[in-house]
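Me: I would like to learn how to read a few features of a protein model, one at a time. Could you take me through them with care?

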Amino acid sequence: MPHLWTRTPLIRSRHLSRLLGCSVYLKLETLQPSQSFKYRGLSLFIQEAFEKHGESVHLIIASSGNAGLAAACASQELGLRCTVYIHEGLHPDVRMGLEDVGANVVVHGHNYPDAFLGATAHVEREPGAVMVPAYDHPTVWSGHGSMIEEIAAELPNPPKAILCSVGGGGLLGGVLVGCDKVGWENVPVVALETHGSACFYHSLLLSRPSDPPYVPPDFVTPVKVSDRITLAKIVPNSRVSSLGASSPAKEVVEMALDHPGTVKCVTVPDELSMLAAMRIAAEHKFLVETACSTTIVPAYHEGTLERILGAPLTPDDSLVFIVCGGTKISVEELEEYKSDIKQMPPTKVYMNIEGDSMYLGELPVLSSFLTMG
Amino acid sequence: MAPLWRHTPVIHSRHLSRLLGCSVYLKLENLQISQSFKYRGLSLFIQEVKEKHGSSAHLVIASGGNAGLAAAYAAQKLGLQCTVYIFEGLPLDVQTALEDGGANVQVVGKNYVEAFAAAVAHVARDPDAVMVPAYDHPTVWSGHGSMIEEIAAELPNPPKAILCSVGGGGLLGGVLVGCDKVGWENVPVVALETHGSACFYHSLLLSRPSDPPYVPPDFVTPVKVSDRITLAKIVPNSRVSSLGASSPAKEVVEMALDHPGTVKCVTVPDELSMLAAMRIAAEHKFLVETACSTTIVPAYHEGTLERILGAPLTPDDSLVFIVCGGTKISVEELEEYKSDIKQMPPTKVYMNIEGDSMYLGELPVLSSFLTMG
């Protein structure tokens, strides 16, 4: 059965290539049918559920975000029933957006864990119901990995690095699985989060053998899940809510440890993701949510990529940024970001790179970009 | 010589397909190199200049907009000199963007006409200099027409119609040339302008044999340029400045008259283009200038497409909207549009379709969309 996802463009960004002095490519997952990369892995999972269980299968997911939309769109495309569990208190647009693509929406509980419990209970009581995993499943990573196959078919040489955001690790899992598939095991991967959504960052540092052992900040609860892997359990505390998982998928942490090209973990403050979203809108004319713009943050701060990759960029190098997409952005939100940042008291900002802290400057002054009209 | 332009995606828009009850495709020329369709035809012209004149050719163009940018980038790619004449008083980033693209920028005169005169004078005195036509040249239409070849290779059947904006007629010329090339002569084409930039609309109606003859509004000066063709000369009076040509290319008017599938001419008020740009940002997450969003206006107003095409849309139909792109848009401008429209006194708005006027409702009430957050 042919896959449902769209082959997306890999465009060479004039703005970023000029800024970084090398060839910068953007993989535009915003153009998937549900407007984010999630459509790849979730549609593959749903397609397999259809092949296994037939057209009476009922797909269930707990998600008020892009995973729910992806599952609903894929189910609609295949003519399958889909029920999305969301929690109370969300904007009516969330429900409408899901119903517009044919999902049955159930509002359950006060927060995401409650909604997830509702979804789980549903799957337990209905024989034909199947839970769609938002990020923690090999089929999902395999589907997401197709984006690397597409990129490899278009780039003459492996890139110097691939950069992507990390929430629960689904996208990173896909990037790593995809790299393996195309013979790019030696390509470094940079995994970006915000300081307040840094469950992968701390999990990777906790799991890497190190002497002395890594001591995470107080807000991290280390949870040893196997001989090799200790996960960081956190309460997400970031405005970049789409990245807000409490813990990453453990197999993805393991794949990251084992990736020969290495995975570099990086976190940035929310405000830099917000600024990056503003700059992407101004230059590239795309509206992307902050979970997505987080990926591009290093491009806008001189010296950070060299520090992350441990080497300067040269004109022969190429970089691939996964523009993961997502619908949680609007013109109004971008204007809010602008005014929020303008009103900040002078605040020193840092990028955390592999356990070290790199000072970037002070907000709001740091962004001369804000003074541009 | 291989073309310089990029193959752009044709995406199925779930938002517009649901709204219109048929398959709506968007040809994403906002993803073209230089961020508009103009790169196709202008890069082809410049490539031919290089083949004919060699590397000493010096490209000259008068344009503060997307044509200048397209010419600059193509010249830079081919290692040729390019001078862009712009008039005084444009925002600084216009000059910066052109210089970033390798162009030498000359700021001359108080308006486009004066800048154009300076460009003409340059070409007259410099034997290596060649004027790049912004829209009125067969090579330009041939280059733009490549987008139709790409679309035809991807759509299983010819669409019920292709819709595009018209400024001077370069894009329309490309659409018509392209349709001829792929055997789509019978596909209707809908050519959209704003009321204040309607030089093509009035030219087509003036040139079509009709009894009684078409009487244009007072602000139109009819200019008979051949047996068949009378052009409308206007002073553009629209906020949608990128469409502001004083007269369309006469061969394009002739091709439109001769297109077997027919060309339907339509004009809309500026405010509906502004609203469409806001809605495209909210739903599709693209920032497009109003010259571009003008194309999508009918999709957002029930009954207009049926009226334009003379038949209802059915689920088996497909429509192609050319998303022509352009860089003259920002988040700040979209917010201005919103506040300007909110502050309008109650105003009846009409769409002009082939000489008739269709009442659409009253602004600002018409757009319930504005009340969405």
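Reply: What follows goes from a helix contact to backbone details. This is a predicted model, in which local features need pLDDT of at least 70 and side-chain atom pairs count only at pLDDT 80 or more, while totals for chains, interfaces and linings use all residues. Residues are numbered from 1 along each chain as its sequence is written, chains are lettered from A and ligands numbered from 1 in the order in which they are written, and side-chain values use heavy atoms, with hydrogens and water left out.

Me: At what angle do the axes of helix α13 of chain A and helix α13 of chain B cross?

Reply: Axes are lines fitted to C-alpha atoms, for helices over the stretch in contact, and angles run from 0 to 180 degrees between N-to-C directions; helices are DSSP runs (H or I, at least four residues), as are strands (E, at least two), numbered from the N terminus. Here the two axes, each from residues 331-342, come within 10 Å and cross at roughly 115°.

Me: Which residues of α13(A) and α13(B) make the contact?

Reply: Contact means heavy atoms within 4.5 Å. Among the residues that make it are V331(A), L334(A) and K338(A) of α13(A), together with V331(B), L334(B) and K338(B) of α13(B).

Me: Where do P364(A) and Q35(A) lie?

Reply: Most residues other than glycine have a negative phi, and most peptide bonds are trans. The bond from L363(A) to P364(A) is cis, with omega near -5°, and P364(A) is found in the segment after β14 (356-363) of chain A. Q35(A), not a glycine, has a positive phi of about 70° and is found in the loop between β2 (23-28) and α2 (38-53) of chain A.
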